[in-house]
Amino acid sequence: MHELTKTPPPRRPDLHIATEGEFRGWRTWIRDSFESHVGPFWHRIEADGSVRSAFRVEKKHLNGSGNVHGGCYMAFADYSLFAIATHVLDSRAVTTNFACEFLDAAREGELIECTGEVTRAGGSLIFLRGKMMSGTRVLLTFSGTIKRMKRKPPPQPNA
């Protein structure tokens, strides 16, 4: 566990809350080792119930030109899909569709934030869209679909 986090209630043992630093009070998931490696990415629920995700650009996020790598943008946008869906998602899920438009570059030291909305939440599919920004600059717009995963019963022993 990251030393700046504490463990939340047992419902989501993979959800951790920062206890100090720039993202104090923000949440992150630690179950996804890829996101933990390329992040850290954070999210919080705002007073109005909306969700905001954020990360601070470090050298490891940059491409050869000194801009945030497009793959980092996409990984953060995918993380943000699940954060945005937090109010309607109560079980495991996977991204089944993702589309984005790259609009501007970001550099080391910038704070990148995502906001968005659930456009429809059905029985198994959740449709979302979002916007990634640095200050007032729009960096990326994206949309995606998340599929809720059904719990599979444990395998039965062979008779």
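Buried means under 20% relative accessible area, exposed over 50%, and partly exposed in between, with a 1.4 Å probe and protein chains only. I write this down before looking at the helix.

**Entry 1. The model.** I am working with a predicted model, where local features need pLDDT of at least 70, side-chain atom pairs count only at pLDDT 80 or more, and totals for chains, interfaces and linings use all residues. I number residues from 1 along each chain as its sequence is written, and side-chain values use heavy atoms, with hydrogens and water left out.

**Entry 2. Helix α2.** Helices (H or I, at least four residues) and strands (E, at least two) are DSSP runs, numbered from the N terminus. I found that α2 is mostly covered, with 11 of its 15 residues buried. Among them are Cys 72, Tyr 73, Phe 76 and Ser 80. From first C-alpha to last, α2 reaches 21 Å, close to the 21 Å expected at 1.5 Å a residue; the expected span is 1.5 Å times one less than the number of residues.

**Entry 3. Ser 80.** Is Ser 80 buried or exposed? Ser 80 lies in α2 and counts as buried because its relative accessibility is 0%. I then listed its contacts (heavy atoms within 4.5 Å). Leaving aside neighbours within four places in sequence, Ser 80 is in contact with Ser 53, Cys 114 and Phe 142.

**Entry 4. Cysteines.** A disulfide is a covalent bond between the sulfur atoms of two cysteines; the cut-off here is a pair of cysteine sulfur atoms within 2.5 Å. How many disulfides does a search of the whole structure find? It finds 0. Cys 72 is in no disulfide, and the nearest cysteine sulfur, that of Cys 114, is 10 Å away. Cys 114 is likewise in no disulfide. Cys 72 counts as buried because its relative accessibility is 8%, and Cys 114 counts as buried at 1%.

**Entry 5. Cores.** A nonpolar core is a set of buried Ala, Val, Leu, Ile, Met, Phe, Trp, Tyr and Cys residues joined through side-chain atoms within 4.5 Å. The largest has 32 residues, of which Val 68, Tyr 73, Phe 76, Ile 112, Met 132 and Ile 146 touch the most other members. The elements giving two or more residues to this core are β5, α2, β7 (111–121), β8 (125–134) and β9 (137–148). α2 gives the most, with 10 residues. I also noted a second, separate core of 5 residues, including Ala 18, Phe 23, Trp 26 and Trp 42.

**Entry 6. Strands.** Two strands pair if DSSP finds at least two bridges between them. β8 and β9 run antiparallel and are joined by 10 bridges. Lys 131 stands opposite Thr 141 in β9. The hairpin of β8 and β9 has 2 residues between the strands, and in this hairpin Gly 135 takes a positive phi near 65°. β6 (residues 93–102) and β9 pair in the antiparallel sense over 9 bridges, and the bridge partner of Asn 97 in β9 is Thr 145.

**Entry 7. Lys 59.** Where is Lys 59? I placed Lys 59 in the loop between β5 (51–56) and α2 (70–84). Lys 59 is exposed because its relative accessible area is 62%. Lys 59 and Arg 107 are 48 residues apart in sequence and 8.8 Å apart in space, C-alpha to C-alpha.

**Entry 8. The record.** UniProt lists residues 66–138 for "domain: Thioesterase" in an unreviewed entry. Its positions are in the numbering used here, feature names are shortened, and annotations may be inferred rather than shown by experiment. Over residues 66–138 I read 21% helix and 45% strand, with the end C-alpha atoms 18 Å apart.
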